[in-house]
Amino acid sequence: MASIVLRDVVKEYGDGFLAVKGVSLDIKDGEFVILVGPSGCGKSTILRMIVGLEDISDGDLEIDGARVNDRAPRDRNLAMVFQNYALYPHLTVFENIAFPMRLAKGRFSEEEVRERVTRAAETLELSEHLERKPANLSGGQRQRVAMGRAIVRDADAFLFDEPLSNLDAKLRGQMRTEIARIQRRLGTTTVYVTHDQTEAMTLGDRVAVLRKGELQQVASPRGLYEQP
Ligand code: ADP
Ligand code: ADP
């Protein structure tokens, strides 16, 4: 687990366009924060700066109190869960979940890989499906495999980039419940980007509302609701 702190973070794209205009946000250890706002307001840019896929133009990013502006993505130990899940179609569920450990060559023994995948599959209720391929899974099961991949790495935080936007309404509702349940069970710091008001109001501990690259307000879902 980790705290994530943004201090006056600015993102200027090549052409001088300010996509993020000095955002400050203090995300505590184990907290579930939703970043919500209309398309183009800078949500994805903020997530990509946190994970290290995008440089920060100005300001500071701290993970557990250490400034990480110049730290490579692989040295930040954050796990990003993408909208399209990025699963490998030719690999089984087991191998898809094991993949990050295979990448970290030599760091995990075969026994440890087996142990971690088994434990993640239990948490995510995927134990019955470990030998199947992604094509034979439901959308919700695929989503859980993608989360399994984040879990086995013992990542300090999960970063979700609109993970449910490709699902139909019914499945979206189920997955909302499921993500909230898993996050509570693991207690892992989570930043979750969405443009969906329902997700914003039901999922997190706090909601940060972004508009045109600026934070408009940060409040509990109830706090937001009660404002005029
Ligand atoms: P959101 O995730 O809220 O939809 P983004 O962070 O993707 O917003 O984009 C914020 C703004 O920055 C948008 O106006 C977008 O067009 C612009 N933008 C995003 N990526 C780039 C880029 N690589 N170069 C220039 N402008 C970009
Ligand atoms: P998006 O669809 O959000 O714009 P991209 O398609 O640009 O994202 O993908 C960024 C790539 O960076 C992904 O393929 C992903 O595998 C890789 N990546 C680098 N570091 C990480 C990380 N810490 N977590 C997840 N993915 C990462």
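User: What is the strand order of the open sheet of 6 strands?
Analyst: This is a predicted model, so local features need pLDDT of at least 70 and side-chain atom pairs count only at pLDDT 80 or more, while totals for chains, interfaces and linings use all residues; side-chain values use heavy atoms, with hydrogens and water left out. Residues are numbered from 1 along each chain as its sequence is written, with chains lettered from A and ligands numbered from 1 in the order in which they are written. Helices (H or I, at least four residues) and strands (E, at least two) are DSSP runs, numbered from the N terminus. Pairing in this sheet is mixed, and the order is β6-β7-β8-β3-β9-β10.

User: Which are the edge strands of that sheet?
Analyst: Two strands pair if DSSP finds at least two bridges between them. An edge strand here pairs on one side only. Those strands are β6 and β10 (214-219).

User: By how many degrees are neighbouring strands of this sheet turned against each other on average?
Analyst: Axes are lines fitted to C-alpha atoms, for helices over the stretch in contact, and angles run from 0 to 180 degrees between N-to-C directions. For this average, direction is ignored. The value is 20 degrees.

User: In β8, which residue stands opposite phenylalanine 158?
Analyst: Strand β8 covers residues 189-194. β7 pairs with β8 in the parallel sense over 5 bridges. Opposite phenylalanine 158 stands threonine 190.

User: What angle does the direction of α1 make with that of β7?
Analyst: Contact means heavy atoms within 4.5 Å. Helix α1 packs on the sheet and touches β3, β6, β7, β8 and β9 (206-211). Its angle with β7 is about 150 degrees.

User: Which residue in β5 is the bridge partner of glutamate 62?
Analyst: The open sheet of 4 strands runs β2-β1-β4-β5 with antiparallel pairing. Its edge strands are β2 (18-27) and β5. Strand β4 (residues 58-63) is joined to β5 by 2 bridges. The partner of glutamate 62 is arginine 67.

User: At what angle to β1 does α1 run?
Analyst: Helix α1 spans residues 43-51. It lies across β1 (4-12), β2 and β4. Its angle to β1 is about 120 degrees.

User: Is α3 roughly parallel or oblique to α4?
Analyst: Helix α3 (residues 110-123) packs against α4 at about 130 degrees, with the axes 9 Å apart. Under 35 degrees counts as roughly parallel, over 145 as roughly antiparallel, 65 to 115 as roughly perpendicular and the rest as oblique. That angle makes α3, relative to α4, oblique.

User: Which residues in α4 do Arg116, Val117 and Ala120 meet?
Analyst: Arg116, Val117 and Ala120 are the α3 side of this contact. Their partners in α4 are Gly148, Ile151 and Val152.

User: Why does aspartate 29 count as partly exposed?
Analyst: Aspartate 29 is in the loop between β2 and β3 (32-36). Buried means under 20% relative accessible area, exposed over 50%, partly exposed in between (1.4 Å probe, protein chains only). Aspartate 29 falls in between because its relative accessibility is 45%.

User: What distance separates the C-alpha atoms of aspartate 29 and methionine 1?
Analyst: The two are 28 residues apart along the chain. Not counting residues up to four places away in sequence, aspartate 29 touches Met1, Ala2, Ser3, Asp64 and Thr189. The C-alpha separation is 5.9 Å.

User: What is the phi of asparagine 77?
Analyst: Most residues other than glycine have a negative phi. Asparagine 77, in the loop between β5 (66-67) and β6 (78-81), has a positive one. The value is near 55 degrees.
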